[in-house]
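My notes follow in the order of the look-ups.

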Amino acid sequence: MSGGGPLGAIYEIGALCALEESLNGIDFTRLQHYVGVSAGGFIAAGLANGISPRKLCAAFIESGTASAETSDPSWLMMPAYGEFARRGTMLPALLISALWRVTAGGKPLSSALEHLGPALPAGLFSNEQVHAQLAHLFSQDGRTNDFRQLKTQLTLVATNLDSGEIAPFGRPGWEHVPISKAVQASAALPGLFPPVEIDGNYYVDGALKKTMHASVALDQGIDLMLCLNPLVPFDATAPQVAKVMRRGLSAEKHHIPRIIDGGLPAVLSQTFRSLIHSRMVLGMRQYEHAYPDTDIILIEPDHRDPELYLANTFSYRQRRELAEHAYQQTRHMLRSHKTGLSEKLWRHGITLHHDTLDDPKRHLSAPGKAPTRIGRAIASLQEIMDDLGHTVRSVAHTEKPSW
């Protein structure tokens, strides 16, 4: 499970709920190995601790319950006051040094200002509550915050800030670190959250080196690997999204025929997504050649779907709607690719639950408006065409993944 901030975690929970109810013969809390990077580390740690996708949804997505109130991830937006204070104590000495370089050393002002860099905070928001909240969650009966006490394997990947090397928490030599602390380190996105100190070293987001780090599990000779990737670049040129509008807002205000019309946030988001995704695609191709005996299934959002792209990454007001969207989108993907997917899963004793997939009344949370007969017919026809197109492409390009 790769990262993607709070939005990525919401997508992965919604997608996992759809997979859990649509696949027969697989228990998502009893898999052989879980690998999590960044926000995906939180989901992986929960599953490895026996928390089902539906329970994760109830605790972190649904509102109006006690569990949702105690697990509300809004604490990710708390300013890093401790980091601000620590850096602030360095400022007087740095200012004196800078003034000395200008007045006595004859250095230009720009050169002196560069020496004030150490006074800038290494992160804007505190991530201490990640460790505290997850430590509390995993301390409950039947769960553990110790890698060594898990009934399955869990690897949470971070990056050593000083060496640039990966840190596979949970593997031999790294298993003494608390799971909650490893999640905090793996999700410490530089600039947003301060690096996390563990055993005298500082660690940041695991996605700095790779998007998924799937080889951690593949090297053990697994036969089936499910990959969840919530971040994809948005294809604003697709004709079917040209008139899509955000919920409750006019299409004229939020129509994005070009990424640049969204301003700097849209440009940065598209750039980050493109860099992350292109690296992942390259990695997936390498996995297919290096591990030919492993079936690899990649699950990610539709590049033409603006819902997840237009959402505010750190907004929790929309989390129920976004999780529902991810749930329905994953169900649609499973129906659209059921021919090739059924064949691949059958080899591992897993089958599709067709009655569940074909039920138009299923929802993750609050029921939506039931589609009309014509709408259901059009949707069914679209899925058949998608499935046929997928089958043709699979025959013509057998070296490529199923979708």
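I searched the whole structure for salt bridges and got 9. I counted a salt bridge where a side-chain nitrogen of Lys or Arg lies within 4 Å of a carboxyl oxygen of Asp or Glu. The model is predicted, so local features need pLDDT of at least 70 and side-chain atom pairs count only at pLDDT 80 or more, while totals for chains, interfaces and linings use all residues. Residues are numbered from 1 along each chain as its sequence is written, and side-chain values use heavy atoms, with hydrogens and water left out.

Glu21 and Arg54. I found a salt bridge here, with the closest N and O atoms 3.4 Å apart. Glu21 belongs to helix H1 and Arg54 to helix H3 (residues 53-60), so the pair ties together parts 33 residues apart in sequence. For helices I took DSSP runs of H or I with at least four residues, numbered from the N terminus. I then checked burial, where buried means under 20% relative accessible area, exposed over 50%, and partly exposed in between (1.4 Å probe, protein chains only). Glu21 is buried at 15%, whereas Arg54 is partly exposed at 31%.

Glu21 and Arg331. Glu21 also forms a salt bridge with Arg331, the closest N and O atoms being 3.8 Å apart. This pair links distant parts of the chain, with Arg331 in helix H14 (residues 319-336) and Glu21 in helix H1, 310 residues apart. Arg331 is buried, with a relative accessible area of 2%.

Asp302 and Arg304. Their side chains meet in a salt bridge at 2.8 Å, N to O. I noted both as partly exposed, Asp302 at 29% relative accessibility and Arg304 at 39%.

Which residues do shared partners join into one network? I listed Glu21, Arg54, Arg331 and Arg362.

Next I turned to nonpolar packing. I took a nonpolar core as a set of buried Ala, Val, Leu, Ile, Met, Phe, Trp, Tyr and Cys residues joined through side-chain atoms within 4.5 Å. The largest such core has 69 residues, and Phe42, Ile43, Leu154, Phe169 and Ile179 touch the most other members. Helix H1 (residues 5-22) gives the most to this core, with 10 residues. A second, separate core has 18 residues, including Ala207, Met280, Met284 and Ile296.

I looked up Ile43 on its own, taking contact as heavy atoms within 4.5 Å. Leaving aside neighbours within four places in sequence, Ile43 is in contact with Met1, Ala9, Glu12, Ile13, Leu16 and Leu56.

Conventions. Helix = DSSP H or I, 4+ residues; strand = E, 2+ residues; numbered from the N terminus.
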